[in-house]
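Please open the structure in a viewer and keep the selection tool at hand. The stops below proceed from the whole chain to single residues.

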Amino acid sequence: MEAEYLELIPIALVGLLAGFMGALDNKDCIKAGIKEALKRIIISSFLCIVTYSILSATDLPYLAKVGISACVGFLGLDKAINLVKEIISLRRSR
């Protein structure tokens with residue numbers, strides 16, 4: 001049981017890093033101050049953990065789950081879903 005929780009530590013760190021990079025990428029977040037940047041970092045980490053937890057029910061490899069979680073943490077849920085839709089439509093058009 002503890003092994004599952006230990007597995008979430010790297011995911012949380014990836015989420016923190018994705019949130020930090022997302023906060024640096026967003027100029028409005030930088031102008032708003034450190035409070036908004038910290039909020040974005042924490043939300044990003046939470047999104048990564050939740051996404052990884054949902055994906056743990058699938059048979060995807062570990063790195064795929066981590067990559068998808070980091071994408072959701074960095075881009076946000078709406079942009080990540082749009083990106084997946086574009087990739088699927090591009091793949092179908094071939």
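From the N terminus on, the order of elements reads α-α-α-α-α. This is a predicted model, in which local features need pLDDT of at least 70 and side-chain atom pairs count only at pLDDT 80 or more, while totals for chains, interfaces and linings use all residues. Residues are numbered from 1 along each chain as its sequence is written, and side-chain values use heavy atoms, with hydrogens and water left out.

Along the principal axes, the C-alpha atoms fill a box of roughly 45 × 40 × 15 Å. Of the 94 residues, 26% count as buried (buried means under 20% relative accessible area, exposed over 50%, partly exposed in between, with a 1.4 Å probe and protein chains only).

**The largest pocket**

Next, select Gly 22, Asn 26, Arg 40, Phe 74 and Leu 75, which lie nearest the centre of the largest pocket among its 15 lining residues. A pocket is found on a 1 Å grid over the protein atoms alone, as an open set of points where a 1.4 Å probe fits, with protein on both sides within 12 Å along at least five of seven lines; lining residues have an atom within 4 Å of a point. Helix 1 (2-25), helix 3 and helix 4 (62-75) each give two or more residues to this lining. Helix 3 has the largest share, 6 residues. The space inside is about 290 Å³, a volume being the space filled by probe spheres set on the points, which are joined across faces, edges and corners. By class, the lining divides into 5 nonpolar, 5 polar and 5 charged residues (Ala, Val, Leu, Ile, Met, Phe, Trp, Tyr, Cys and Pro count as nonpolar, Asp, Glu, Lys and Arg as charged, and the others, Gly among them, as polar).

**The second largest pocket**

Move on to the second largest pocket, with a volume of about 190 Å³. Its lining includes Thr 51, Leu 55, Ile 68, Cys 71 and Val 72. Two or more lining residues come from each of helix 3, helix 4 and helix 5 (77-93), and helix 5 provides the largest share, 5 residues. This lining has 9 nonpolar, 1 polar and no charged residues.

**Thr 51**

Now centre the view on Thr 51, in helix 3 (residues 34-55). Is Thr 51 buried or exposed? Thr 51 counts as buried because its relative accessibility is 13%. Its side chain reaches the backbone oxygen of Leu 47 at 2.6 Å. Beyond its neighbours within four places in sequence, Thr 51 is in contact (heavy atoms within 4.5 Å) with Ile 68, Ser 69 and Val 72.

**The aromatic pair**

Finally, display the aromatic side chains: the count comes to 1 aromatic pair, with rings of Phe, Tyr and Trp (its six-membered ring) pairing if their centres lie within 6.5 Å, and planes under 30 degrees apart counting as stacked, over 60 as edge-to-face and the rest as tilted. Select Tyr 52 and Tyr 62, whose ring centres are 6.1 Å apart and whose planes stand at 80°, so the pair is edge-to-face. Because Tyr 52 lies in helix 3 and Tyr 62 in helix 4, the pair ties together parts that are 10 residues apart in sequence. Tyr 52 is buried, at 2% relative accessible area, whereas Tyr 62 is partly exposed, at 38%.

Methods: Helices (H or I, at least four residues) and strands (E, at least two) are DSSP runs, numbered from the N terminus. A polar contact is a pair of N or O atoms within 3.5 Å; within protein, one must be able to donate a hydrogen and the other to accept it, and residues adjacent in sequence count only if both atoms are side-chain atoms.
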